[in-house]
Amino acid sequence: MIFLIQECLKASVTVDDKEVSKIDKGFVIFVGFTLSDNKTIVDKMIDKLLKARIFPDDRGLTSLSIKDIDGQILAVSQFTLYASLKEGNRPSFTNALRKEESVILYDYFKDEISKKYPRCEFGIFHADMKVSLINDGPFTIILDSKEVIK
């Protein structure tokens with residue numbers, strides 16, 4: 001499982017010219033699943049995410065969590081996080097979890113993160129989404145379950 005986390009001042013998701021979610025200060029998380037992912041991994045990744053101290057304090061040090069700043073989260077499913085250009089020039093998605101299995105984990109992710117931190121908004125799984133954000137910093141982090149869970 002991969003989270004691509006981007007600190008933002010504001011962000012939104014539009015589907016079919018209709019805004020379906022928006023947030024102010026917080027972060028946008030692009031969420032990707034791979035073949036070995038399961039609910040235990042999802043739980044551990046959520047815990048790590050909510051404890052991550054990526055926001056600046058009054059001295060400019062990254063020492064505050066999303067909870068500390070009372071920020072918002074916008075989560076967007078993105079299977080392309082597991083794209084590979086290792087061979088050839090056309091991306092391969094063989095490491096991305098299939099849509100039918102991903103939707104189950106994504107729905108579980110949405111339920112669990114909302115229980116632990118209710119200031120969440122979401123994109124629509126498998127929709128043609130237009131994501132707009134103002135990246136603050138810019139500040140972007142990749143959180144990979146291979147590094148979190150050993």
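View 1. Asp-17 is exposed because its relative accessible area is 81%, where exposed means over 50%, buried under 20% and partly exposed in between (1.4 Å probe, protein chains only). This is a predicted model, in which local features need pLDDT of at least 70, side-chain atom pairs count only at pLDDT 80 or more, and totals for chains, interfaces and linings use all residues. Residues are numbered from 1 along each chain as its sequence is written, and side-chain values use heavy atoms, with hydrogens and water left out. You will find Asp-17 in the loop between S1 and strand S2 (18-23); here helices (H or I, at least four residues) and strands (E, at least two) are DSSP runs, numbered from the N terminus. Although Asp-17 is not a glycine, its phi is positive, about 65°. Most residues other than glycine have a negative phi, and most peptide bonds are trans.

View 2. His-126 sits in the loop between S7 and S8 and is exposed, with a relative accessible area of 57%. His-126 is not a glycine, yet its phi is positive at about 65°. The largest pocket holds about 370 Å³ of space. On a 1 Å grid over the protein atoms alone, a pocket is an open set of points where a 1.4 Å probe fits, with protein on both sides within 12 Å along at least five of seven lines; lining residues have an atom within 4 Å of a point. Of the 20 lining residues, Ser-77, Gln-78, Phe-79, His-126 and Met-129 are the closest to the pocket's centre. S3, S6, H2 and strand S8 (129-144) each give two or more residues to this lining, and S3 gives the most, with 3 residues.

View 3. Val-131 belongs to strand S8 and counts as partly exposed because its relative accessibility is 32%. Although Val-131 and Val-13 are 118 residues apart along the chain, their C-alpha atoms are separated by 4.6 Å. Not counting residues up to four places away in sequence, Val-131 touches Ser-12, Val-13, Phe-30 and Val-76, where contact means heavy atoms within 4.5 Å. Pro-138 is also found in strand S8. A cis peptide bond joins Gly-137 to Pro-138, with omega about -5°.

**View 4. Thr-34, a buried residue in a loop.** Look for Thr-34 in the loop between strand S3 (26-32) and helix H1 (39-51). Thr-34 counts as buried because its relative accessible area is 13%. A polar atom of the Thr-34 side chain lies 2.5 Å from the backbone oxygen of Asn-95. Leaving aside neighbours within four places in sequence, Thr-34 is in contact with Met-1, Tyr-82, Asn-95 and Leu-97.

**View 5. The largest nonpolar core.** In soluble globular proteins, nonpolar side chains tend to be buried together. A nonpolar core is a set of buried Ala, Val, Leu, Ile, Met, Phe, Trp, Tyr and Cys residues joined through side-chain atoms within 4.5 Å. The largest one has 28 residues, and Met-1, Phe-3, Phe-27, Ile-73 and Phe-109 touch the most other members. Elements giving two or more residues to this core include strand S1 (2-15), strand S6 (72-77) and helix H2 (99-116). H1 supplies the largest share, 6 residues. Leaving aside neighbours within four places in sequence, Phe-109 is in contact with Met-1, Phe-3, Val-31, Val-42, Ile-46, Ala-75 and Phe-122.

Technical notes:
Polar contact = N/O pair within 3.5 Å; in protein donor to acceptor, adjacent residues only side chain to side chain. Points joined across faces, edges and corners; volume = space filled by probe spheres on them.
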